[in-house]
Amino acid sequence: MDKLSEKLAATTLQEDTDTNISQASNYYETRRGSKTVNFARLEKGLLLFIYIHETTKNILHSETALWDRRLCIHIVKDGNCPKPRDQCHREHNTLYRHSNLCSFWYTHSCTYETKCRYSHDFLMISQYHHYILTNTDNMICKLIRFVRNFAGHYIDTAIQDENDLQELHKEMVVLMVHLVHALSRQRANSIDHLNLFLEATTIKQLIPQDSLLRELEKPYDVPEVFFQSNLNFTTHWYRHGTGKRSVDFTHLSTELITYFNSVFVGFYEGRLKSRGAPAAWT
Ligand SMILES: [Zn+2]
Ligand SMILES: [Zn+2]
């Protein structure tokens, strides 16, 4: 078999095992042809995520620093950095300690894999962290940051391809639907929380409630570009059909969910309740 057919065979295998992974397009399957999603459909959600991000970013900062590998490894291993203060550019503000952690694993460069005598895992993390206990927790924080930055910096004229623009709007809606569904309080078998925090018209464009709730159970493929921290929104930064990363929302820690539950309730009580919107969880 030549290289190309080997690659093709591998891709097909991959697809067979991945049929349970959901895509944004699955949420817009409809017999009445494709509906367009304009920017106005995003606005209510974007305001929500500005609030969510601004309320949580400082509290989560030192915990995301560990998962993002921004911390000084000396502080993590023994609480002490040997370099003079102005010469170490890594972050020092953390309580997390793990003396046996592999420094090379921490910088994604250990070649010993399972044979390494040092730890390739953040052990006993719940002793030091209150909210971010899994890699999925950390990915969710990246996605919240992305939606917040999108809200502040998005310029639709930068995306010149009409197709890309449409797909991007759909990706944004479905991402926000996932985040709200994973992090907000809610009643069982109900999508009232989606209608409360996002625009009801936006939700109405999606597949019907029962299919929607079923689809939300599956791992979801998020465009890889959404995880980048230094996106330049003035360029043609989004192209549909490019790399994706699967996020399994069932891997969120209950600590993270409980924390965000309270932040969503805070937004409801401060912004929505006074306008007469009923809570979606009582
Ligand atoms: Zn240091
Ligand atoms: Zn190692």
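Residues are numbered from 1 along each chain as its sequence is written, while chains are lettered from A and ligands numbered from 1 in the order in which they are written. In this predicted model, local features need pLDDT of at least 70 and side-chain atom pairs count only at pLDDT 80 or more, whereas totals for chains, interfaces and linings use all residues.

**Exercise 1.** Decide how α2 is oriented to α5.

*Solution.* The two axes, which are lines fitted to C-alpha atoms over the stretch in contact, with angles from 0 to 180 degrees between N-to-C directions, come within 8 Å and cross at roughly 140°. Therefore α2 is oblique to α5, since angles under 35 degrees count as roughly parallel, over 145 as roughly antiparallel, 65 to 115 as roughly perpendicular and the rest as oblique. Among the residues that meet are Leu46, Phe49 and Trp67 in α2 and Asn135, Cys141 and Ala151 in α5, a contact being a pair of C-beta atoms, placed from the backbone, within 7 Å.

**Exercise 2.** Decide how α2 is oriented to α10.

*Solution.* The axes of α2 and α10 come within 10 Å and cross at roughly 125°, which means that α2 is oblique to α10. In the contact, Leu48, Tyr51, Ile52, Thr55 and Thr56 of α2 meet Val263, Gly266 and Phe267 of α10.

**Exercise 3.** Determine whether Leu71 is buried, partly exposed or exposed.

*Solution.* First locate Leu71, which lies in the loop between α2 and α3 (73-78). A residue is buried if 20 or more other C-beta atoms lie within 10 Å of its own, exposed if 12 or fewer, and partly exposed in between. Leu71 is partly exposed because 19 other C-beta atoms lie within 10 Å. Leaving aside residues up to four places away in sequence, Leu71 touches Ala65, Leu66, Val76, Arg90, Glu91 and Thr94.

Note on methods. Helix = DSSP H or I, 4+ residues; strand = E, 2+ residues; numbered from the N terminus. Contact = placed C-beta atoms within 7 Å.
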